[in-house]
Amino acid sequence: MIHRLLLFSMLLLAPLLLPGQTFKAFVKAGDEALARQDYQAALQHYSGALELRAETPAISLKFAQVALRFHAYQQAVEHFQKVLDSPQGDRFPQALLGLSEVYQRTGDYDQAVGYLTAFLKRPGLAPEDRAKAERILQQCRWALRQTADTLTKVAHLGRSVNTDYSEFAPLLHNDTFYYSSFRYEREEDDYAPPRRITKVLYRKGQGRGRPLRRGFNDDQLHTAHTAFSFDGNRVYFTICDYVNASEIHCQLGYRERDRRGRWEQKVTFLPNTVNQKGKTATQPSLGYDSTAQTEVLFFVQESDAGDLELFRADIDTAGQVGEPVSLSGLNTAQDDITPFFHTPTQTLYFSSTGRDNFGGYDVFRSRRTAEGWTPPVNLGLPVNSSYNDLYYSLSGDTTLAFLASNRTGAYYLDDDFEACCNDLYAVQYLLPMPDTPALTEVPDMPEPMRPGIPEPEPVPNTLQDFLPLALYFDNDEPDKRTRRTTTQRTYGETYEAYAARKPEYLDRFADPLEAELREEATYAVEAFFEEEAEKGHVFLGRFSEILLQRLESGDTVEIFMKGYTSPRAKKDYNLALSKRRISSVRNHFRTYEGGVFLPYLENGQLILSERPFGEATASNTVSDALDDLRNSIYHPDAARERRVEIVEIKD
């Protein structure tokens, strides 16, 4: 019943750091948070203890060990090293083992080997610590011998899918991409702030991911991990609930389609042979076993020893799920998780910490044959990394895969610790994977539909490529309540203040709505800030770089700008506001890189021309009612009207 079973991410409850708290109280609170696997709270409490007694190696060691679990690797290194450098350092050999784990997780295998060697020389080691060190040492030496496959490309899926919270369980089904996201606050939660829950989202084409509608997700429970029957009329998934502050218990269930093709409201839970009392069952995957000639459910369950194991259960023609069987030939004494069965090649993909790997969880594959399962094979670099690599799923033709990972480049939630979370990545195979068996014909298997490979948006390479370049502004900015036509502020200054108000925009525009409408409104606001406002700010920097190159080569460039406003104020006020916005963009060019454009502005090689529009061209669907703040200020349509556009370049 532990949090890692579902998400492999952090709970992030707000700890109570009370002024005047004693050293012992901080330590006790940290130990209690650690016991419930609330790692961020534990770090905060141990940090409070260390502020009172900085030179306490035992607490520094606890802090470092929790930071390692929290993936806050820099913090872990600093505190493990602090323990070793203390006068009592020899009493804490676990700091050597901890440092080796950090360096393995960050891919510095030579450093890890050095610390492991030093650790194993220490007398009186606990047998379990020695066994762990020897296992990590073997993994590091194995990793040092590996090379990356240059014909396999791994690409981050970006903000249209990923957030600062964890995204996981990617699956292509027909023309739709499904995944789960741990971004949602639990409704009516007694904890402050409310705990997070997971919902299942979908995405078509290159659009933004959206939650499944019509009550598929529960506002009180975790809903995650989709797996579809071959006829498409049943979807299996995980449902979990909190049993205390951070622990959860998960069960497997399914919904069936009604006569209109919609998912029924009723959830049918699998029998208690799968959903065993006191044990979590999670991470379903469906496949067709051509040897046994049956549809099969693969899933993960806790063992009696507390590690995670892979199971299978056959599904008969009536849809009844049979007795689960442990995949004993694939399971290890460590965690074996996130199964995905690729029916066309009869291959099971899963992640494990119990085999030779690069660190954390690596993805392995094993083929189903008449004789059983073939020995698992590590998928290698760059599919795997020294970080956690999970939830691998593969397209029908084996050229495109997806996975979840917290590798370098993933967004993180906690700025203090630079820790958390898993993001989704696409894997493109330019050539077939080695040793890939031929595709298998399976009875009644739907023809897979492969959507286009997600491609990052191309970065413009010429000034004309940016046009029109839209730069967005907060309401009545820059410089509120004035009729001046110029400002001292730069566009960058106004944008940073604007971006910081995104939570307020979410609250004011989305919160008044209910359920699905609120979700749609939240996505609309986030899409505007992330895909339009942020894009404009980033592109202005790139535009400036290319402009400088043009000017340095001797070109003369004239830039034409237009200023716009929403229709809230009077026309003469809005005209001055649009000029003020253009003035802030002028200030950007005057101050860029310490004034590098000033000589070109003075000698006429760079010309900034403008045409303020005010509200003359504002959409008539945008509210101008002063008392309707939700629609006249916080609505994304109103926000789109508040902009300056670079519309034309003349050489």
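Buried here means under 20% relative accessible area, exposed means over 50%, and partly exposed is what falls in between (1.4 Å probe, protein chains only). The model is predicted, so local features need pLDDT of at least 70 and side-chain atom pairs count only at pLDDT 80 or more, while totals for chains, interfaces and linings use all residues. Residues are numbered from 1 along each chain as its sequence is written, and side-chain values use heavy atoms, with hydrogens and water left out.

Of the 651 residues in the protein, 55% come out as buried. The fold has 14 helices and 25 strands, taken as DSSP runs numbered from the N terminus (helices H or I, at least four residues; strands E, at least two). Taking contacts (heavy atoms within 4.5 Å) between residues at least 6 apart in sequence, 62% join residues at least 24 apart.

Strand β22 (residues 469–472) is covered on both faces. L469 and L471 are buried on one side, with A470 and Y472 buried on the other. In a regular strand, side chains alternate between the two faces of the sheet. β22 runs antiparallel to β25 (residues 643–650), joined by 4 bridges; strands pair if DSSP finds at least two bridges between them. Within β25, I646 is the bridge partner of L469.

Then there are the cysteines. A search of the whole structure turns up 1 disulfide, meaning a pair of cysteine sulfur atoms within 2.5 Å. C240 and C250 form it, with their sulfurs 2.1 Å apart. C240 sits in strand β7 (residues 234–242) and C250 in strand β8 (residues 248–256), 10 residues apart. The torsion about their S-S bond is about 110°, so the disulfide is right-handed. Both C240 and C250 are buried.

Salt bridges (a side-chain nitrogen of Lys or Arg within 4 Å of a carboxyl oxygen of Asp or Glu) number 30. One of them pairs R186 with D241 at 3.0 Å, N to O. R186 lies in the loop between β3 (176–185) and β4 (196–203) and D241 in strand β7, so this pair ties together parts 55 residues apart in sequence. R186 is buried at 13% relative accessible area, whereas D241 is partly exposed at 31%.

R489 and E477 also form a salt bridge, their closest N and O atoms 2.9 Å apart. Both lie in the loop between β22 and α8 (491–499), so the link spans 12 residues in sequence. R489 is partly exposed at 24%; E477, at 14%, counts as buried. Elsewhere, salt bridges with shared partners join D289, R312, D314 and R368 into one network.
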